[in-house]
Amino acid sequence: MAKLESKIPEGDISTKWSKHKSKIKIVAPHNKRKYKILVIGSGLAGASAAASLAELGYNVHCFCYQDSPRRAHSIAAQGGINAAKNYRNDGDSVFRLFYDTIKGGDFRAREANVHRLAEVSVNIIDQCVAQGVPFAREYGGLLDNRSFGGTQVSRTFYAAGQTGQQLLIGAYQALSRQINMGTVKMHARKELLEIVIIDGKAKGIITRDLENGKIERHFGHAVVLATGGYGNVFYLSTNAKNSNATAIFRAYKKGACFGNPCFTQIHPTCIPVSGDYQSKLTLMSESLRNDGRVWVPKNKDDKRAPNQIPEEERDYYLERRYPAFGNLVPRDVASRAAKERCDAGYGVGQSKMAVYLDFASAIMRYGRIEANKQKLDNPSDADIKRLGKGIIKEKYGNLFEMYEKITDENPYEVPMRIYPAVHYTMGGLWVDYNLMTTIPGLYALGEANFSDHGANRLGASALMQGLADGYFVIPYTIGDYLADEPTTEITTDHPAFIDAENAVRNRISKLLSINGTKTVDEFHRALGKIMWDYCGMARNKEGLEYARKEIQKLREEFWREVKVLGKNETFNQSLEKAGRVADFLELGELMVIDALHRNESCGGHFREEYQTPEGEALRDDDNYCYAAAWEYAGDNNDPILNKEPLTFEYVKLTQRSYK
Amino acid sequence: MRTMKLKLHVWRQENRNSQGRMETYTIEGVNEHMSFLEMLDVLNEKLIKEGKEPVAFDHDCREGICGSCGMVINGRAHGPWYKTTTCQLHMREFKDGDEIYIEPFRASAFPVIKDLVVDRSAFDRIIQAGGYVSVNTGGVPDANAIPIGKETADQAFEAATCIGCGACVATCKNASAMLFVSAKISHLGLLPQGQPERMQRVLDMVAQMDKEGFGNCTNTGACEVECPKGISLVNIARMNYDYFKAQLKK
């Protein structure tokens with residue numbers, strides 16, 4: 001059994017982090033350059049960590065599979081980033097952000113970590129502005145905010161619908177500055193394929209150069225994984241096509257516990273699937289729910305165009321069911337409500353698997369305000385509409401354009417059609433308060449870890465966590481480990497490096513030698529369908545047991561029938577995909593095992609057997625108030641369940657309500 | 001729903017050192033709702049089944065923001081749609097029986113790695129030469145301590161929306177990177193945070209741009225037309241202004 005030492009500091013929650021920072025060991029400046037740190041991933045968490053660690057004086061090597069660190073998938077985040085700045089004077093505070101996040105996560109996150117996240121959120125905004133991130137501003141020159149789901153204050157900072165892009169470019173520029181100074185060595189188009197463990201500690205990695213197939217050994221005194229989430233297990237998701245779980249899954253198989261793998265976020269507002277050829281799904285930002293109203297017709301099979309359906313025949317089901325939060329309920333709640341309506345036969349569009357997100361009333365409301373501002377006398381409806389469209393365009397223009405390109409429909413004129421899709425994974429490698437996994441010297445940051453979002457992440461909190469971990473947590477906590485490590489480098493001729501490289505080579509040779517009948521994508525789609533049908537928005541015991549058997553069968557078939565052409569020594573995208581899908585085929589089963597064991601519903605994990613009479617998630621705090629940390633026990637054995645009990649001292653455990 | 005049969009002429013090249021050539025493929029049953037890259041996915045699945053190596057192309061987010069994808073489609077970078085990346089181009093643009101020519105972005109500073117994949121690391125090196133504000137993590141002032149007028153903030157944001165795809169270079173007859181470089185110079189040069197290093201930044205970034213082998217700007221404006229994010233030529237004017245000023249101050 002692994003030993004889960006959460007290392008949560010003693011004392012009051014509001015002073016835990018500051019006391020911890022002043023007590024943990026640090027490495028003297030002249031010694032820092034003697035330590036080599038490998039950072040895997042160059043998204044918000046990876047780029048900010050690599051840059052900040054290099055600024056401190058560490059010798060950093062950063063790796064990404066993309067051709068440039070600027071392309072990591074954080075770039076696609078749209079809506080915004082939360083921070084407890086209380087610039088709106090609307091009663092926000094560090095405690096309120098902490099409270100909202102714990103409640104939003106349905107009481108399955110660690111209090112101490114979440115409080116720290118809320119504390120450093122304010123520093124993130126300061127840092128990004130200093131770097132030149134062009135956040136949206138008001139006419140007075142100060143920063144603007146908007147609201148996101150699961151909160152009743154406006155604390156979300158944004159840059160149109162491209163907040164992730166702007167924040168990532170900020171971190172990328174900080175990283176570029178260090179690369180220029182030679183303090184970070186960047187390795188683009190290189191993918192981690194194995195982690196090297198020596199005497200129980202992470203001491204290096206094996207990578208493959210995606211251009212020429214060269215397998216390389218890299219030593220590091222510590223290894224930091226910032227490789228994102230595993231939503232692509234589902235094949236169709238809002239993740240980038242190449243986002244993958246290989247790094248964290250290799251870590252799992254080398255002994256790092258995997259926390260809450262079944263906690264998946266299904267985002268309520270995505271463009272619906274249009275056909276079998278579909279390769280990915282596109283998100284429409286949660287920020288749209290600030291102004292868009294979600295509805296379906298009150299009558300089943302209403303064939304009329306949405307604009308022809310009168311107000312009284314529309315069911316604004318979120319406003320009806322959750323009057324306090326309305327359209328801004330958390331994502332898991334909004335997704336389930338959409339599924340409920342569609343399953344009951346009220347869905348719209350050709351597939352009947354969609355609901356409307358309607359901006360008509362917001363356009364008129366903004367138009368009237370604008371007409372007043374411009375002192376128009378008796379403006380016509382057409383004038384008001386024109387002015388209102390201008391305001392909506394300013395707020396969400398790029399999203400509306402994207403929607404129109406994909407669907408060929410103009411959302412200024414007809415409501416968007418949307419449906420939930422896989423978006424984010426709250427689960428990830430189990431980490432302690434210092435963000436270290438159960439393997440000493442191996443860290444996990446951002447979406448790659450399990451720590452802050454419990455069973456459901458609130459909107460605009462992923463960017464916050466990625467940057468918190470990278471800029472403001474790991475630079476402090478990594479010293480506590482390195483201070484006790486010898487500065488001497490271990491040679492990459494060490495048997496552990498040779499073994500790890502051989503394992504990588506054998507796996508590649510195996511994939512290339514099968515030469516079966518089915519493509520990698522065919523297997524990936526089949527896996528995705530099993531996961532979506534049985535381990536998606538709603539789950540039950542019978543379905544999960546069936547899914548587990550189906551995944552095992554599919555995995556067995558994969559290793560017998562997959563067809564991967566070409567050689568290792570070339571740019572070979574099929575080979576890249578094959579390795580990733582092989583890992584997904586194992587991780588999918590782990591997710592199912594976790595979902596099966598958790599006999600309760602919480603956040604995004606909805607077990608149909610456990611719900612309130614109103615159809616809300618029903619937790620079982622007596623038996624499941626813990627983080628499940630799964631430990632690999634060999635390919636032929638079930639993984640071992642380790643439990644980290646969660647205690648709630650500052651936010652009382654209650655049934656979550658947004659009514 | 002419309003489906004179509006297409007004839008594709010695709011650039012195939014083994015690696016950096018080998019010689020490339022156009023190869024022709026026929027593809028049937030292309031759905032009008034597919035994205036251009038999904039159409040290539042279908043082609044690749046077919047090729048693999050036939051035992052032929054699939055066409056290599058860079059792609060990742062498939063929602064027009066990561067800047068990974070990019071190919072020249074019928075002679076135009078990212079294809080015929082205005083302000084659209086290749087991944088956002090949809091097949092309803094084409095009709096049954098069309099022939100489509102698909103080539104990599106071509107520029108001597110963007111060597112072909114394989115098929116439609118090119119090496120754009122020159123862009124990274126230009127940013128490394130000075131495309132940042134030199135602040136370390138921590139110890140910065142409160143975010144609202146530096147008020148910035150909305151218009152200035154919006155202009156800086158517009159320049160900062162560049163996705164670094166390289167369509168500007170691929171389109172330019174001189175393979176100039178001036179739109180890309182000037183977007184970064186504008187983004188930082190417009191903001192108060194970017195002032196202290198403004199003159200040195202433009203000198204260093206332009207020097208790196210020249211060193212990478214990009215051509216010069218002759219103001220044809222093709223880059224602006226093909227830029228998927230609508231980055232304006234005004235940025236080049238700003239860069240030239242700063243560059244001239246920095247030269248004089250030297």
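Predicted model: local features only at pLDDT ≥ 70, side-chain atom pairs only at ≥ 80, totals over all residues.
Local features need pLDDT of at least 70 and side-chain atom pairs count only at pLDDT 80 or more, while totals for chains, interfaces and linings use all residues. Residues are numbered from 1 along each chain as its sequence is written, and chains are lettered from A and ligands numbered from 1 in the order in which they are written.

**Stop one: the side facing chain A.** Show both chains: 68 residues of chain B are in contact with 63 residues of chain A (C-beta atoms, placed from the backbone, within 7 Å). Now select H1 (36–49) of chain B, one of the elements that supply at least two residues to this side (helices are DSSP runs of H or I, at least four residues, numbered from the N terminus). H1(B) gives the largest share, 7 residues.

**Stop two: the domains.** Colour 3–114 of chain B as domain 1 and 121–249 as domain 2, bounds that come from an automatic or database domain assignment. Their centres, taken over C-alpha atoms, are 29 Å apart. Where they touch, domain 1 of chain B brings 18 residues and domain 2 of chain B brings 17.

Select H5 (178–190) of chain B and H6 (198–211) of chain B; their axes come within 11 Å and cross at roughly 170° (lines fitted to C-alpha atoms over the stretch in contact, with angles from 0 to 180 degrees between N-to-C directions). H5(B) and H6(B) are therefore roughly antiparallel (over 145 degrees). Show side chains at the contact, including B:Val181 and B:Ile185 of H5(B) and B:Val202 and B:Met205 of H6(B).

Technical notes:
Contact = placed C-beta atoms within 7 Å. Parallel < 35°, antiparallel > 145°, perpendicular 65-115°, else oblique.
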